[in-house]
Amino acid sequence: MSRIVFLGTGGARFVVAKQLRASGGIWLELGTTRIHIDPGPGALVRALSHQPPLDPPRLDALVLSHKHLDHSCDVNVMVEAMTHGGWKRRGLLLAPADAFDEEGVVLPYVRGFLDRIEYLSEFGGPYLINDVEIRGSVGHRHGVETLGLHFLHAGTRISYLPCTRRFDGLAEHYAQAQPDVLIMNVLRFRDRMDVDHLTFDDAREILGIVRPRVAVMTHFGTQMLDRKPWLLARQLEQELGLRVYAAHDDWELNVEEELAAASP
Ligand SMILES: [Zn+2]
Ligand SMILES: [Zn+2]
C-alpha cells in the first residue's frame with residue numbers, strides 16, 4: 001500500500017506562526033519505503049501525534065525542497081529521530097546544497113548520524129531509496145535553491161511542486177513528468193503583491209496543462225484559507241474534469257484507492 005499523509009498544510013509566515021494550519025510537511029509511504037518531505041515547525045510532534053502514530057525511526061529518508069523555515073525547521077530533530085538519537089547510522093538526507101552551507105539549516109553535528117547525504121539539484125538524480133526513484137525538477141524561482149520532486153515507485157508517478165513563482169516552462173516541465181498524482185503548493189489566491197509563490201489562478205493553469213489523474217493543493221496562506229480551499233478544489237474539479245483535493249492537516253491519501261477511482 002502507498003499513502004501520502006499531510007502532517008501540515010499551512011504555508012506563509014503568518015499561517016505558520018499562528019499555526020492556523022500545521023506545518024509538519026508530507027509523510028510519503030511508497031510500499032515499504034518511508035520518506036518525510038519538508039519537515040517544518042512541529043513535524044516531529046505531528047508525526048508522533050498522528051493516529052496511529054507515525055514512527056520516525058522507521059523513516060528511510062528526509063527530503064527538503066528548500067531551506068526556508070516552514071519546510072526545514074525540524075530537519076535536525078527528525079535526523080535524530082530517524083537515527084535513533086544518533087546511535088544508529090542510517091537514512092538519507094536529500095536537500096539542495098545551500099541547506100548545508102554557512103547559512104544552511106542542517107547542523108554539522110547531525111550530519112554524521114546519516115548513512116548518506118545527497119544534494120538535490122536541477123534535473124538531478126535518480127536518487128535511489130530502496131525501490132523508489134526520485135528526480136529533481138527544473139529549478140524553481142523562490143529566492144533560495146528550490147526544487148520539485150518526481151517520485152517513481154512500481155510504475156506510479158507522484159510529483160511534488162513546492163513553492164515557486166510562476167514562470168514559462170514550469171507547467172510544461174511537470175507535464176513531461178506525467179504524474180499520476182500531483183501535489184502542489186498554492187499559497188495565494190490572487191496576486192496583488194509580486195511574490196515568489198503560486199496563486200490559485202496559476203494552479204488552475206498548471207493543472208490544465210499537466211492534467212494529473214489526481215491533484216492535491218496544499219501549503220495555504222490566509223487568502224486561500226479565507227476562501228475555503230475545499231470549495232476551490234471542487235470548482236477546479238468541475239472546470240477541469242480532474243480529481244482535485246485541498247489537503248487538510250492529518251489527512252491521508254491512499255494512492256492505490258485514489259488511482260483506481262480516477263479515470264485512466
Ligand atoms: Zn513555503
Ligand atoms: Zn519557501
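**Close-up views of a predicted model**

**View 1. The zinc ion (ligand 1) and the zinc ion (ligand 2) are 3.6 Å apart.** This is a predicted model, in which local features need pLDDT of at least 70, side-chain atom pairs count only at pLDDT 80 or more, and totals for chains, interfaces and linings use all residues. Residues are numbered from 1 along each chain as its sequence is written, chains are lettered from A and ligands numbered from 1 in the order in which they are written, and side-chain values use heavy atoms, with hydrogens and water left out.

View 2. Donors are N, O and S atoms within 2.8 Å of the metal (3.2 Å for Na, K and Ca); water is not among the atoms, so sites may look incomplete. Aspartate 70 lies in helix α3 (residues 69-72) and histidine 219 in the loop between β12 (214-218) and α8 (222-226), so the pair ties together parts that are 149 residues apart in sequence. Helices (H or I, at least four residues) and strands (E, at least two) are DSSP runs, numbered from the N terminus. Aspartate 70 counts as buried at 18% relative accessibility, and histidine 219 counts as buried at 6%. Buried means under 20% relative accessible area, exposed over 50%, and partly exposed in between (1.4 Å probe, protein chains only).

**View 3. Phenylalanine 100 and tyrosine 119 form a tilted ring pair.** Rings of Phe, Tyr and Trp (its six-membered ring) pair if their centres lie within 6.5 Å; planes under 30 degrees apart count as stacked, over 60 as edge-to-face and the rest as tilted. By this rule the count comes to 5 aromatic pairs. In this one the centres are 5.2 Å apart and the planes are at 55°. Phenylalanine 100 is in the loop between β5 (92-95) and α5 (108-111), and tyrosine 119 is in strand β6 (residues 116-119), 19 residues apart. Phenylalanine 100 is buried at 9%, whereas tyrosine 119 is partly exposed at 49%.

**View 4. Tyrosine 109 and phenylalanine 113 form an edge-to-face pair.** Centre to centre the distance is 5.8 Å, with 85° between the planes. Tyrosine 109 is partly exposed at 48%; phenylalanine 113 is buried at 18%.

**View 5. Phe6, Tyr245 and Trp251 are linked into a cluster by ring pairs.**
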